[in-house]
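Hi there,

Here is the structure I promised to pass on. My notes follow below it, with the cut-offs spelled out along the way.

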Amino acid sequence: MGTYAARRLIWLPFLLIIVTFVTFALLRVGPGDPVQVWLGQHQNDEVRERLRAQLGLDDPLVVQYVRYIEGVVTRLDFGESFQFRGKSVGELLAKRIPVSLQLNLAAIIITLGIGIPVGLFAALRQGTGVDNVVVAIALAFQSLPVFITAPVLLLVFALYLDILPTSGWDGFFSPKIVMPATVMGVPGIAIVVRLVRASVLDVLGQDYIRTARAKGLSETIVRWRHILRNAMIPVVTSFGFTIAGLAGGTFIVEIYFGIPGVGFFTINSLFARDYPVIMAFAIVSTTLFMLANLIVDLMYPLLDPRIRLGAGNVA
Amino acid sequence: MRKIFRILLMAAVLAALVGLVACGGSDEPEAAAPEPTVAATATSVPDTPPTAASEAPAPTTETAMAAAQPEGGSRAPSADLTFDDRPAQGGTLVRLFADPPTLDPHLAGDVTSSVIINEVFGGLVTLSLDYQPVLDLAEHLSISEDGLVYTFILRENAKFQDGKPVTAHDVKWSIERAADPDTLSHTAETYLGDIIGVKDKLCSEDDAAAGKCTKADEVRGVRVIDDRTVEFTIDAPKSYFLAKLSYPSAFVLDQEQVTEDGSWLDQPNGTGPFKLATYEIGELIILERNELYHLGPPHLESVQMILSGGSAMIMYENDEIHLTGVGLDDLPRLLDPSDPLHPQLHRSPQDFDVFYIGLNSEQPPFDDVKVRQALNYAIDLQSIAENVLDGRVSPATGVIPPGFPAYTENLRSYHFNPDLARELMQESEYADALASGDFPRITLTISGSFGAAIPTYLEVILEQWRQELGIEVDIQQTEWATFLQDVNDKKYQMFSLGWIADYPDPQNFLDVLLHSESQSNHTNYANPEVDRLLEEARTERDRGRRFELYNQVEQMVLDDAPWVWTWFSGEGYALIKPEVSDYFLLQMSIPKYRYVYFNQ
């Protein structure tokens, strides 16, 4: 398993070079220019040329790219933000990324914490009215956009009941996380419910379940050890893709609940042509995506001992 | 459902803050913008009459300007007031705000940054509550007879926040820092470029090597006479120079701190009424009272600005913040006198801005002045303002907005006259083309991020052109950075844009937007007579005569119709808690928290 992980990690730098180069090139080839955004409607060609030269933006693309990568690799220097002038990109992102990560983690806990039991519950009552109602409710929640759930929750819990704070951020264990995490987590529940339900139904028809029951194991052990564990594999796979969105955050939720995360910040950076911020964000999210998928792959053998990583054969 | 619009509006407003508010204007970022504006605004007139700069005994041969009053309004804590007359001291004002892109005065070019910078830093000159340039760190100014030499004497009690006195050397060093190419200031040229030697100082080594300019180490035009006296020499007697000096580009920094402390911006040693006590990016700014402030310390103990966003109205109703701008969806209920919040609603004056549809006079069909005039006559702005925009704007009658220096009502502006519009089209060289269907294709480009909806008023204008003149116009939407690039390159045939005042002088509107050589003139408009008058007005020293020149220019521009005039911003609304007194909603960024106090 260790060698498998190491082999996967070797690819990370190559992936990063491709991602950063494409991002770098696209940013500079596309229209718009950070200095122009500074100047806004106060256009002045001489000032613009002078500032572009000072910033090195008029050097050949490859020179700029190499200079950037050199700074990142040798000094871990992601440069200074163009938009938040005088601030280092590392500092700007280091404050925001953990916030988004924690918020997303809380959302995922809600999604899985509700989705998995409910999915199992629905599958075990397949075809009954209960099953249909559960799936319908889950679907209804999935269809509710954030900009409906967010204000409704705010009105009910903050304004009328006055039991939760309206907005802000105080870390993972503060009650302030409850509403945004719920808003973000709820739509995903339906996906998990349906996935778990389908997967459990599939497992229920397997011979080993019949065997387990035939040899007199209690229903609880059958459910948790045999059914759920086997049913989790597709859930984990889809979970891998969910994690990919972790660092991205959900900018509407972040704005609405006043959470100083990375989502809205990055979108703004894109509009302001804040190249260094976007580059750093690309590097961080690529790395996170890769690591998340690696972790997911490493989880398979824990769920199903028949799966051995890197052996070339999956039983 | 109204909440849905709120969040979309919030998204749009916040997006607008990214780039669109780049040129000045008021400073209420959390307020919702009326439909046609580019920036979020809510402003109001101070409820205390502002104090005009009082005249000091002037040397006979010089024009002189007195120092600003220690306090605007009637509650100056001067020696003759008893303690009981002074507003309550202490308390923390809490509001929502946005992350300032920078706190370095020499790098700031946006309203959000300027609001904080104006509280923490200061310069020789600031603006009074009625937007006249008044002295700040200086106590006396004399201007030479030829209008070229400005001599400032610093206040004896002008100190940095750490107690160090501000000297003429600090002033000179600060101007030179702003103009140093390595500082990367994009505002220095605009605001300081009139000072002799600034352009040479701005010249980079590369450009000097290429022979484009001559490199200078110092700014010749700023001369230290003695520790408290500094002299500025400018290139022409420009009466708007003083107003420009109120901009953060000219603010005074502590040389020692800036050169020795790499992270000086975390705890800058400014000269403003408040110290920056805390700045957590994306979370919180805390400004604390500067006890040493030369105009008397502020009443408030501190100002807390929440940067992480949130739903302003809900937070206000929940008593989490003391003030907020008011969005359109909340306005109807707040206007109802029976609403408990109604007494806290404050009307605010319009921004200093003008909105227009630019017509590129080098692209057909706008190379014919009659077509341009016809477009102006064919739209019923009054009706659109009332019916589509609920009276939140007023039809623009000229280039200079109401309340701004040199504003006049005596202009022949456009009004809805479809017959005249059709007549003008018939007289134009495109009459036949219009009849035969060969009329040039017209595309109106507007900026908008997040796939923002096309403003309804624009659709109505387009519909009126179609109905009254039979002209079809397509709309194209572009994201701000791209829009800027293309509009600066004069690529657009027709575009929708606005302008917000940077400094209170008509030059900032007419010269900047309409001189044929100005790079902010995006329509290729060129009228030699207009250029001549604008140049004359730059150096005209008689204020009345100067404003006459600008009004003359304004009329000529109206007649030439390089724009389709649309709006001046209308008044806005803000909610302020009843315990907060003297929070002035202003149209320009000037230090204002020092006036605020809690009345209970």
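The contact between the chains draws 47 residues from chain A and 47 residues from chain B, where two residues touch if their C-beta atoms, placed from the backbone, lie within 7 Å. On the chain B side, α1 (2–19), α4 (188–192), α6 (205–209), α9 (312–317) and α16 (480–488) each supply at least two residues, and α1(B) gives the most, with nine residues. Helices here are DSSP runs of H or I with at least four residues, strands are E runs of at least two, and both are numbered from the N terminus. By class, that side of chain B has 21 nonpolar, 18 polar and eight charged residues (nonpolar: Ala, Val, Leu, Ile, Met, Phe, Trp, Tyr, Cys and Pro; charged: Asp, Glu, Lys and Arg; polar: the others, Gly among them).

A word on the source: this is a predicted model, in which local features need pLDDT of at least 70 and side-chain atom pairs count only at pLDDT 80 or more, while totals for chains, interfaces and linings use all residues. Residues are numbered from 1 along each chain as its sequence is written, with chains lettered from A and ligands numbered from 1 in the order in which they are written.

As for chain B overall, its secondary structure comes to 19 helices and 23 strands. Of its 600 residues, 53% are buried, meaning that 20 or more other C-beta atoms lie within 10 Å of a residue's own, again placed from the backbone. Among its contacts between residues at least 6 apart in sequence, 70% join residues at least 24 apart.

Best wishes

Note on methods: A residue is buried if 20 or more other C-beta atoms lie within 10 Å of its own, exposed if 12 or fewer, and partly exposed in between; C-beta atoms are placed from the backbone.
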